[in-house]
Amino acid sequence: MIHVDIYTDGACSGNPGPGGWAAILKKGEVEKELSGGEALTTNNRMELMGAIQALSALKTACEVDLYSDSRYLVDSVTKGWVYSWRGKGWKRQGKAVPNTDLWLRLLELLSIHSVNFIWVKGHASNEYNNRCDELAVAQWKRFK
């Protein structure tokens, strides 16, 4: 199976407000940058979109190390929260789970790819996370 490293980030000006997402896909020495945004969104939606768009860009099933500074994204998968929410009909403490539409898309992609989620500290020494942040911020600035 092909191995790909993916770095993702999301950014929002206001929450909700204009937002951007970004991803860098890295296979060996080959790198590809992706980014996009929405005029009215939340930071958590943009964090999810970075991962969804990156995984959607893969043409075949891959083994992926996905790096993100979003505890929301990483912990929801690695601690099994998203699977619990799904099992409870997308309810958490009797209320609808936010971003269910995006969680469903992500779970579909996780059934195709073998993904290892890795949390990285944001705005620190990870050059790829920092680049993703730059790309995501540039996207939300388009809507200001």
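Visitor: Which residues of helix H2 are buried?

Guide: They are Tyr72, Leu73, Val74, Asp75, Ser76 and Val77. Helices (DSSP runs of H or I, at least four residues) and strands (E, at least two) are numbered from the N terminus. This is a predicted model, in which local features need pLDDT of at least 70 and side-chain atom pairs count only at pLDDT 80 or more, while totals for chains, interfaces and linings use all residues. Residues are numbered from 1 along each chain as its sequence is written, and side-chain values use heavy atoms, with hydrogens and water left out.

Visitor: What makes H2 mostly covered?

Guide: H2 spans residues 71–78, and six of its eight residues are buried. Their cover includes E1, helix H1 (43–56), strand E4 (62–68), H3, helix H4 (100–110) and strand E7 (114–119). After H2 comes Gly80, with a positive phi near 80 degrees.

Visitor: Why is Asp75 called buried?

Guide: Buried means under 20% relative accessible area, exposed over 50%, and partly exposed in between (1.4 Å probe, protein chains only). Asp75 has 9%, so it counts as buried.

Visitor: How do you know that Asp75 and Lys79 form a salt bridge?

Guide: The term asks for a side-chain nitrogen of Lys or Arg within 4 Å of a carboxyl oxygen of Asp or Glu. For Asp75 and Lys79 the N to O distance is 3.8 Å, so the pair passes the rule.

Visitor: How many salt bridges does the rule give?

Guide: The count is five. Among them is the pair of Arg131 and Glu33, with the closest N and O atoms 2.9 Å apart. This pair links distant parts of the chain, since Arg131 belongs to helix H5 (residues 127–141) and Glu33 to strand E3, 98 residues apart.

Visitor: Why are Arg131 and Glu33 called partly exposed?

Guide: Arg131 has 31% relative accessibility and Glu33 has 42%. Each value falls between the two cut-offs, so both residues are partly exposed.

Visitor: What joins Glu33, Arg131 and Glu134?

Guide: Arg131 also forms a salt bridge with Glu134, where the closest N and O atoms are 3.1 Å apart. Arg131 and Glu134 both lie in helix H5, three residues apart, about one turn of the helix. Glu134, at 48% relative accessibility, is partly exposed. Salt bridges with shared partners join Glu33, Arg131 and Glu134 into one network.

Visitor: Why does Asp133 have no salt bridge?

Guide: Lys and Arg count as positive and Asp and Glu as negative, with His and the chain ends not counted. The nearest side chain of opposite charge to the buried Asp133 is Lys141, 9.2 Å away. Asp133 is in helix H5. Leaving out residues up to four places away in sequence, Asp133 touches Asp9 and His123, where contact means heavy atoms within 4.5 Å.

Visitor: What sets Trp90 and Gln93 apart in the backbone?

Guide: Each is a residue other than glycine with a positive phi, near 60 degrees for Trp90 and near 55 degrees for Gln93. Trp90 is in the loop between helix H3 (81–87) and strand E5 (91–92), and Gln93 is in the loop between E5 and strand E6 (95–96). Trp90 is buried because its relative accessible area is 12%, whereas Gln93 is exposed because its value is 80%.

Visitor: Which peptide bond is cis, with omega near 20 degrees?

Guide: The bond from Asn15 to Pro16. Pro16 lies in the loop between E1 and E2.

Visitor: What makes a space a pocket?

Guide: On a 1 Å grid over the protein atoms alone, a pocket is an open set of points where a 1.4 Å probe fits, with protein on both sides within 12 Å along at least five of seven lines; lining residues have an atom within 4 Å of a point. The largest pocket holds about 270 Å³, a volume being the space filled by probe spheres set on the points, which are joined across faces, edges and corners. Of its 13 lining residues, Val4, Leu25, Lys27, Ala57 and Leu58 are the closest to the centre. Strands E1 (2–12), E2 (17–27) and E3 (30–41) each give two or more residues to the lining.
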